[in-house]
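Colleague: I am new to this structure. Please take a close look at one part of it for me: the aromatic rings and how they pair.

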Amino acid sequence: MEFITELLKKVNEFVWGMPLICLLLGTGIYFTYKLKLLQLTKLKLAFSCIFKKQDNNAGDVSSFQALCTALSSTIGTGNIVGVATAIAAGGPGALFWMWVSAFFGMATKYAEGLLAIRYRVKDENGQMAGGPMYYLERGLGSKFLAKLFAFFGVAVALLGIGTFTQVKSISDAMQLSFNIPPVVTAVLLTISIGFITIGGIKRIANVAEKVIPLMCVLYIGGVVIILLTHITVIPQVVGLVIQSAFEPQAALGGGIGITMTMAMQKGISRGIFSNESGLGSAPIAAAAAKTDSCVEQGLVSMTGTFIDTIVICTMTGLAILLTNSHTSGLEGAAMTTLAFNKGLFIPTVGKYIVNIGLIFFAFTTIIGWNYYGERCMYYLKGLKAIPYYKFIYIIFIAIGPFMSLEFIFIIADIVNGCMAIPNLIGLIGLRKEVVLETKTYFQKQTIIQEELRYEKTPV
């Protein structure tokens, strides 16, 4: 097993080498430049589009439900466990590179959401089907890249973000908080996930829109208390994060073995694991939204990365660093739990906030990624293959609690990287279309606003 783990580490280092990191950042930088800092200038508009009524438009769920479905898959172990593992492996500087990946990733996520609506279709059941496999085939004209993406999409659902990482985290949290054995967790998860996923996108969206806002408020509330009680130390910690991103040895002292490349690699890979910008998963959920505007859905999709990484991951990272929990030698959820225990001064409350939050976040990620994998399987093999896919998915959930956390995250990183490559090629190939659609939309909005202003002007 050790030999296999070491071999997979080498594969992971190759997949997440500088070429992929440059491709991810380069795509985000390009869209940031060509769209004129849209993730900053249009952020307020993006949040207003979330709640815009679109009942008469084509689609299966509201924009808010589509966003919650996307967030259900992104807000999970990456926000609690992933941040801790990034800081443990890449030092405090990894948090800076998570910020960088999120900032440029917002522009990438916008492009993904736009193209998802632009090229979506209806399946045999009358449901919307969309995502990278459709804009790769219908927009870029490459069935090979579309099938490659769909294949790795199924792999990520079954082996990466969808099952093992989430189930293992839930199992550990249940055992730590409530002393529930892994076998009991496996049985409970298998039954509950089976019930929800059989109901399809509408049942998944209904669960997600109720659970995600509640858990965000609970988890963020706990972190806010930690930040307020350590407010005087925040500038010092932010300075440490920035310095460690470029000079980890100077910031943390010699002998720790962390380099700038390691901080960058861990920060960006964990950032992508958390917010999935460039991965191509979120546009699969975005394609189901009731909307007649691909630009507005792109804006809604963009807010997912902001909420996930700029807000929640940052808060987790600061809680860990403010309480010096990153020097404890712990890893994963244990490190984040220690931060909450120390930061809130009430160990029991901190433990329950982290682990109950982790359970619900991971649970919604499982149901969200089941849908993503299902849509990818539908693209590859049609409706007849979906029951077989769901059966395998549920079996893998039952296996998850008994696997090694390190092994699970290595596998997840590898398939994540492989899934991102064809999607990024598609985004680059369709970049002019994204820019043109955006320019046309805002030009029309300007004309409409001018006409309204003219009508209101007294004669």
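Modeller: The chain has an average pLDDT of 84, and 90% of its residues score at least 70. Here pLDDT is the predictor's confidence in each residue, from 0 to 100. This is a predicted model, so local features need pLDDT of at least 70 and side-chain atom pairs count only at pLDDT 80 or more, while totals for chains, interfaces and linings use all residues. Residues are numbered from 1 along each chain as its sequence is written, and side-chain values use heavy atoms, with hydrogens and water left out.

Confidence is lowest in helix α14 (residues 248-252), at a mean of 61. It is highest in helix α8 (residues 132-139), at 96. Helices are DSSP runs of H or I with at least four residues, numbered from the N terminus. Where pLDDT is low, the predicted coordinates should not be read in detail.

Now the rings. The structure holds 17 aromatic pairs. Rings of Phe, Tyr and Trp (its six-membered ring) pair if their centres lie within 6.5 Å; planes under 30 degrees apart are stacked, over 60 edge-to-face, and the rest tilted.

Take Trp97 and Phe246. Their ring centres are 5.6 Å apart and their planes stand at 65 degrees, so this pair is edge-to-face. Trp97 belongs to helix α7 (residues 93-118) and Phe246 to helix α13 (residues 234-246), so the pair ties together parts that are 149 residues apart in sequence. Trp97 counts as buried, at 7% relative accessibility. Phe246 counts as partly exposed, at 42%. The cut-offs are these: buried is under 20% relative accessible area, exposed is over 50%, and partly exposed lies in between (1.4 Å probe, protein chains only).

Next, Tyr219 and Phe361. Their centres lie 5.9 Å apart with planes at 70 degrees, so this pair is edge-to-face. Tyr219 sits in helix α12 (residues 200-229) and Phe361 in helix α19 (residues 347-381), so parts 142 residues apart in sequence are tied together. Both Tyr219 and Phe361 are buried.

Back to Trp97. With Phe96, Trp99 and Phe246, Trp97 forms one aromatic cluster.

The charged end of Lys42 sits over the ring of Phe442, 4.4 Å from its centre. The charged end of Arg375 sits over the ring of Tyr378, 5.0 Å from the centre of that ring. The rule asks for NZ of Lys or CZ of Arg within 6 Å of the ring centre and within 35 degrees of the ring normal.

Terms used:
Helices (H or I, at least four residues) and strands (E, at least two) are DSSP runs, numbered from the N terminus.
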